[in-house]
Amino acid sequence: MTRRIGTAIGLIALTVCAAYAQESAARFEVASVKKTESGGPPGDIPRNMDTSPGHFAMRNVPLRYCLEWAYSLQDYELVGPDWIKGEERYDIFAKAPGPATDEEMRPMLQALLLERFQMKVHRERREMPAYVLIPGKGSAKVKDTAADSLPGLVPNPNGGVLFRHFAITRLTFLLARRMDHPVLDQTGLKGIYDYTLDLSGLSEFSGPPNPDPNGVSIFAAIQQDLGLKLESRKQQPIDILVLDSANKIPTAN
């Protein structure tokens, strides 16, 4: 029995070491991180601006967007000092050891940011008000998208907006940026779809009231157009990343 326990502990230790070695190896081959003085767009979006496999670029972006891309976070899933939202901006260019997808480069960017900004982070779960997107009574009114279609938002002549080549998580990301609380996807829909949705009701949260007195709220539109349901929750547990500290000026390249 003692020998079996010892063997099990040894296997666990080897697994941990292998995982640590794999994580440590997830680093860019070369990288440049510099503070920019320009401020403002064009970099106000958390995405890799270089489409070449294994290459990464963000231009003129606040640290907040770098972290959101690196850790696959939405705005409400990141907590940190106010200056990361836009006060300081950066240019980041990097190259992986070989061809790599965005998903493979995310841990590389995590390691780069932790090192260059001398960051300290931790994860925790907090309760906060939220909206939750859940299945409706019937099947969802979405269609599998064509493999060769390009993602985009297209005004529909019959009303609403056509979401083309759009995951449901991208819809909740859009809604979370326009509404007053986080929007969580609990639909179980994991594919890439085409669907049409009336967004006029979002003006209730992000602009002047809808001039059309017959306009529907975003809650009603989601139920009518998508066959889904958007519910309000007073308290919803949400996992967040907390940035405890970071230097405003990154270490030299």
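Predicted model: local features only at pLDDT ≥ 70, side-chain atom pairs only at ≥ 80, totals over all residues.
Residues are numbered from 1 along each chain as its sequence is written. Local features need pLDDT of at least 70 and side-chain atom pairs count only at pLDDT 80 or more, while totals for chains, interfaces and linings use all residues, and side-chain values use heavy atoms, with hydrogens and water left out.

**Exercise 1.** Find the elements that build the largest nonpolar core, and trace the contacts of Leu175.

Step 1. A nonpolar core is a set of buried Ala, Val, Leu, Ile, Met, Phe, Trp, Tyr and Cys residues joined through side-chain atoms within 4.5 Å, where buried means under 20% relative accessible area, exposed over 50% and partly exposed in between (1.4 Å probe, protein chains only).

Step 2. The largest such core has 34 residues, and those with the most contacts inside it are Phe163, Leu175, Tyr195 and Leu197. Two or more residues each come from strands E5 (120-135), E8 (161-167), E9 (183-185), E10 (192-197) and E11 (228-245), and from helices H4 (168-178) and H6 (218-226); E5 gives the most, with six residues. Helices (H or I, at least four residues) and strands (E, at least two) are DSSP runs, numbered from the N terminus.

Step 3. Leaving aside neighbours within four places in sequence, Leu175 is in contact with Val183, Leu202, Ile218 and Ile222, contact meaning heavy atoms within 4.5 Å. Apart from this core lies another, of 33 residues, including Leu63, Leu67, Leu113 and Leu241.

**Exercise 2.** Explain why helix H2 (residues 63-70) is described as largely enclosed, and identify what covers its buried residues.

Step 1. Eight of the eight residues of H2 are buried, so this helix is largely enclosed by the rest of the structure.

Step 2. The cover over those buried residues includes strands E2 (55-62), E3 (78-79) and E4 (89-95), helix H3 (102-116), H4 and E11.

**Exercise 3.** Describe the setting of Ser149 and the partners of its side chain.

Step 1. Ser149 lies in the loop between strand E6 (143-144) and strand E7 (152-155), and is buried, with a relative accessible area of 16%.

Step 2. Its side chain makes a polar contact of 2.8 Å with the side chain of Thr145, and another of 3.1 Å joins the side chains of Ser149 and His165. A polar contact is a pair of N or O atoms within 3.5 Å; within protein, one must be able to donate a hydrogen and the other to accept it, and residues adjacent in sequence count only if both atoms are side-chain atoms.
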